[in-house]
Amino acid sequence: MSINTLTRQVYDINDLNLWYGEHHALKNINFPINKKEVTAIIGPSGCGKSTFIKTLNLMINMVPNVKMTGEINFNGQNILDEKMDLVELRKNVGMVFQKGNPFPQSIYDNVAYGPRIHGIKKKTHLDEVVIKSLMDVALWDEVKDRLNTPALGLSGGQQQRLCIARALATKPGVLLMDEPTSALDPISTLKIEELILELKEKYTIVIVTHNMQQASRVSDKTAFFLMGELIELDTTSTIFSNPHDSRTEGYITGRFG
Amino acid sequence: MTHVLKVILQEDSDDGVTNLSTRSNFDNNLKQLNELLLNMASQTEKAIKEAMLALINQDMEQAKAVIDGDNEIDDMEHEIHDKALLLIARESPVATDLRKINVALKVSSEVERMADMAVNIAKSAIHIGREKHITEIVDIHKMMEIALEMVTESITAFYSEDISLAQRCAKRDDQVDKMFGSLIQELLSFIPHNPNSTNQIIQLAFVCRFIERIADHSTNIAENVVYLVTGERINLND
């Protein structure tokens, strides 16, 4: 493997297998993820896509009876190694979920939460991080006059962008998004999609989505999972114009799943 | 019923309607789109034959009917384009589904150009009028028969997504090109000895060119069939 390939890759996943108890949920996954690219993960319900994305920051460890084998190399370090510092990992790999889940605190405190627990105490420094994060998610103009009001007063789309800002505040290199727009209206969805395209200038993004058009609009690479297997991983243009595997074709054209 | 329709409807009768696809609405609409295209191709095939008969039999009425009938074929093309755009807008097709629509659009344009060639042949027939033919136009007729077979083959290949038929069709284009070259030479050689028939000779040379173009449009359709099935673009016109 050339140095170029190594430096471009954020994740290099080799022969990853995962079991929930007896259930073999991920089977021999080999999956490189490149820096500053958007990788979309698609597949029918129960195919393992959410399980997979949760392995990338080891959120999966919170599920009881999970067993994994193989390697998940993140910036050259196997995160399945017992010595892995999970706090450090999750600082570097932010995550947002299906529905915006702000803390019942002010807008400011939501974004400042991560930097605070990672030791930033100085108000000016915190202000800087909060402003920058809110600007990065194009929310600053909408909330700058009400930073101390409850975050739960924001609209669904704004809450989701706030959660992305909260994830960005710890300056992660990677942002994981698990169906980030499935609870949003079409305009809020398009705003998040625009945001993804802007964020990829700075971040590596992995997005799980049920919305095929979303995957085709925002991602550089698309991976199709089926029954725990990675069936096809290729450029998004190939997957949506001429996929190699007939199962991928069947899924994206709506013939099954 | 024209040859194109006969061949295709025979093949279609085996295709039982047991479609439980999750995209049955899309599939039905796509099927309707292809049927419209088949009708258009069938009308065009008929127009080409009639234009040729008008030329051979020096039948001015038939030539005029071909010219008048072209509007209907143009309307069919517009209908196909409208339906295809609506399908894209409403169903967001991808991969093979999108290629099918894209190819249907392209094929309809090729067929429309072929129909224009039929009109051109009919116009040449009118230009020649009832002037006695200076030569037997047997070879032109032969070239036309091959070109018409190519039309049928290319449309059948499109409908049945048959690459080998598409490739066979494209190969015959070489034969048409050769016939075109020698016919033009032959026709031009008549000019010095028949200066009063120059108009007729030029019109017949034009007809040869129109037939050669019909064969080229069939080859383009064949190329689109290969693209439809494989996603690869190839040039069969060389």
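Let me start in chain B, with helix α5, residues 138-160: B:Lys142 and B:Asp139 both sit in that helix, 3 residues apart, which is about one turn. Keep in mind that this is a predicted model. The side chains of those two residues meet in a salt bridge, 3.9 Å from N to O. B:Lys142 is partly exposed at 45% relative accessible area, and B:Asp139 is also partly exposed, at 34%.

Over in chain A, salt bridges with shared partners link A:Arg8, A:Glu37 and A:Lys221 into one network.

Back to chain B, and helix α4, residues 95-128. B:Asp116 and B:Arg113 both lie in this helix, 3 residues apart, about one turn. Their side chains form a salt bridge at 2.9 Å, N to O. Is B:Asp116 buried or exposed? B:Asp116 has a relative accessibility of 16%, so it counts as buried. B:Arg113 is partly exposed, at 36%.

One more pair, in chain A. A:Asp109 and A:Arg116 form a salt bridge, with the closest N and O atoms 3.0 Å apart. A:Asp109 is partly exposed at 27%, and A:Arg116 is partly exposed at 36%. Over all chains, the structure holds 22 salt bridges.

Now the sheet in chain A. 4 strands make an open, antiparallel sheet, in the order β2-β1-β4-β5. The edge strands are β2, residues 23-34, and β5, residues 77-78, and each pairs on one side only. Inside the sheet, how many bridges join β1 to β4? There are 8 between β1, residues 9-20, and β4, residues 66-74, and the two strands run antiparallel. As one example to look up, A:Tyr11 has A:Phe74 in β4 as its bridge partner.

Definitions and conventions
Residues are numbered from 1 along each chain as its sequence is written. Chains are lettered from A and ligands numbered from 1 in the order in which they are written. This is a predicted model: local features need pLDDT of at least 70, side-chain atom pairs count only at pLDDT 80 or more; totals for chains, interfaces and linings use all residues. Side-chain values use heavy atoms; hydrogens and water are left out. Two strands pair if DSSP finds at least two bridges between them. A salt bridge is a side-chain nitrogen of Lys or Arg within 4 Å of a carboxyl oxygen of Asp or Glu. Buried means under 20% relative accessible area, exposed over 50%, partly exposed in between (1.4 Å probe, protein chains only).
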